[in-house]
Amino acid sequence: MAWYQGASRITVTAVEGRFPQRAVVSVRGAAPVEIPGEVGAVHVVRAERWELELEHRDQGGWCPNVRAVQGRWQEIGGVPTQVVHSRNLDRVGDRQGRNLVLRIERLAPGGDAPTTVPTAPAAQRTTAAHRAPAAPAAPRTSAGPAAGTPAPGGVRTTTSGSGGTASGGASAPAGPARTATTAGSWNG
């Protein structure tokens, strides 16, 4: 059960349940209004304060859904909008929670048109786009060769600390790469 303030338009945008779904709008001093759980169903609420309940029909009676998740209010096309989705039953492995999905839009006082919120002018680029370098340069140590140059004979360059496995199969702690050089022959 969620409370709302002000005139709003409620639209059913999705229904994905095994049970019939509905939304019920209650305004103090007035009869509750049922919004059928059919995609495209619309109801306009004209009240200062109202309550919204999401329900499903099970074994001949209407039961409250176990969860109704209210998204945060966002401006879509300059209109304050909220998406509410519900779940009628919890099932193992089912994380959708989309048995009934509603879109709630705030209306302008005294009308059916959504309230539009003044928007900031569109952002404009003030600098020219530049391509990023293909790859960052590898760090260089005083003992190792520069990146992209062949190692002198008898010198092997290796990198350690890349998050691989240490001896014994245990996971080594990830850390910054370190370059090490060894002189002499390598029989690998």
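## Salt bridges and confidence in a predicted model

The count comes to 4 salt bridges. The model is predicted, and local features are taken up here only where pLDDT is at least 70. Side chains of opposite charge can pair when their charged atoms come close.

| Pair | Closest N to O distance |
|---|---|
| R22 and E34 | 3.0 Å |
| R103 and E105 | 3.9 Å |

E105 is buried because its relative accessible area is 11%, below the 20% cut-off.

E105 also pairs with R103. R103 has a relative accessibility of 30%, so it counts as partly exposed. Which residues do the shared partners join into one network? They are R9, R103 and E105.

**The R22 and E34 pair**

R22 forms a salt bridge with E34, with the closest N and O atoms 3.0 Å apart. This pair links distant parts of the chain. R22 is in strand β3, residues 21-26, and E34 is in strand β4, residues 33-36.

Is R22 buried or exposed? R22 is buried, because its relative accessibility is 14%. E34 stands at 44%, so it counts as partly exposed.

**N99 in its loop**

N99 is found in the loop between β10, residues 79-87, and β11. Its relative accessibility is 8%, so N99 counts as buried. What is N99 in contact with, leaving aside neighbours within four places in sequence? The partners are A14, V15, E16, G17, Q21, S86, R87, N88 and L89.

**Where to read with care**

The protein chain averages a pLDDT of 74. Of its residues, 54% score at least 70. One is residues 117-127, where pLDDT stays under 50. For that stretch the model has 5 contacts beyond four places in sequence. The other is residues 159-173, where pLDDT also stays under 50. There the model has 15 contacts beyond four places in sequence. Where pLDDT is low, the predicted coordinates should not be read in detail.

Technical notes:
Residues numbered from 1 in each chain as written. Predicted model: local features only at pLDDT ≥ 70, side-chain atom pairs only at ≥ 80, totals over all residues. Heavy atoms only, no water. Salt bridge = Lys/Arg side-chain N within 4 Å of Asp/Glu carboxyl O. Buried < 20%, exposed > 50% of the residue type's maximum accessible area, 1.4 Å probe, protein only. Helix = DSSP H or I, 4+ residues; strand = E, 2+ residues; numbered from the N terminus. Contact = heavy atoms within 4.5 Å. pLDDT = per-residue confidence, 0-100.
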